[in-house]
Amino acid sequence: FCQPSGWQLFTERNPPTFFVAVLTDINSERHYCACFTFWEAVESTQPQSHPRNGEGEEEDEEEPSSPVQAAQLFAPKSLVLVSRLDHAEVFRNSLGLIYTIYVDGLSVSLENVIGNLLTCTIPITGGAQ
């Protein structure tokens, strides 16, 4: 459900996307799955070579195939948050924060950020002000 269009490599970095899927379990309880997908550069492991000119024709000199710089490819990577609460904007902001810290390479560890997000206290509606 994280990549409904399928998993494929792209030659350009696409902008991040966000959506919420709702899954219902066997007890008819809803689970909200917030998916934040971004594209990350991957290294190509297959060398490419120039196609030969005149393929199938006689050649006086056989040129060895020379390697070509592989095209930069980008693979989708998803951050997913699963909750029983329907708070799409909070999910988007939280996953966006995690993404920003990951991409910017900040000195804060992702474990600390996620731990801080999970331990924050959210006041109940209509509680003491």
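How many bridges pair β2 and β5, and in which sense? The two strands pair in the antiparallel sense, over eleven bridges. Pairing here requires at least two bridges found by DSSP between two strands. The model is predicted: local features need pLDDT of at least 70, side-chain atom pairs count only at pLDDT 80 or more, and totals for chains, interfaces and linings use all residues. Residues are numbered from 1 along each chain as its sequence is written, and side-chain values use heavy atoms, with hydrogens and water left out.

The protein contains two helices and five strands. Their order along the sequence is β-β-β-β-β-α-α. Both kinds of element are DSSP runs numbered from the N terminus: helices are H or I with at least four residues, strands are E with at least two. Of the 129 residues, 18% count as buried. Buried means under 20% relative accessible area, exposed means over 50%, and partly exposed lies in between (1.4 Å probe, protein chains only). The accessible surface comes to about 10300 Å², and carbon and sulfur atoms hold 52% of that surface. These areas come from the Shrake-Rupley method with a 1.4 Å probe; for residues, only the protein chains shown count as cover. Among contacts with a separation of 6 or more, 57% join residues 24 or more positions apart. A contact means heavy atoms within 4.5 Å.

Strand β2 (residues 30-42) also pairs with β1 (residues 17-24). That pairing is antiparallel and has eight bridges. T17 has T37 as its bridge partner in β2. V22 stands opposite Y32 in β2. On the other pairing, E40 stands opposite A75 in β5. β1 and β2 form a hairpin, with five residues between them. S28 lies in the loop between these two strands. Its phi is positive, about 65°, although S28 is not a glycine. S28 is exposed, with a relative accessible area of 60%.

Leaving out residues up to four places away in sequence, A34 touches F18, F19, V20, L79, V80, L81, F91 and L95. V22 is twelve residues from A34 along the chain, and their C-alpha atoms are separated by 8.7 Å. T37 is also placed in β2. At a relative accessible area of 3%, T37 is buried. Its side chain makes a polar contact with the side chain of S78 at 2.9 Å. A polar contact is a pair of N or O atoms within 3.5 Å; within protein, one must be able to donate a hydrogen and the other to accept it, and residues adjacent in sequence count only if both atoms are side-chain atoms. Beyond its neighbours within four places in sequence, T37 is in contact with C2, P16, T17, P76, K77 and S78.

Cysteines were examined next. C33 is buried, with a relative accessible area of 2%. C35 is buried as well, at 0% relative accessibility. A search of the whole structure finds zero disulfides. C33 is in no disulfide, and the nearest cysteine sulfur, that of C35, is 6.4 Å away. The criterion for a disulfide is a pair of cysteine sulfur atoms within 2.5 Å.

Strand β5 (residues 73-83) contains L79. L79 counts as partly exposed, at 23% relative accessibility. Apart from neighbours within four places in sequence, L79 is in contact with A34, C35, F36, F38, L95, I98 and Y99.

Helix α1 (residues 88-104) has 17 residues. From first C-alpha to last it reaches 24 Å, close to the 24 Å expected at 1.5 Å a residue. The expected span is 1.5 Å times one less than the number of residues. In α1, F91, S94, L95, G96, I98, Y99 and I101 are buried. The cover over these buried residues includes β1, β2, β5 and α2 (110-119). G105 follows α1 and has a positive phi, near 65°.
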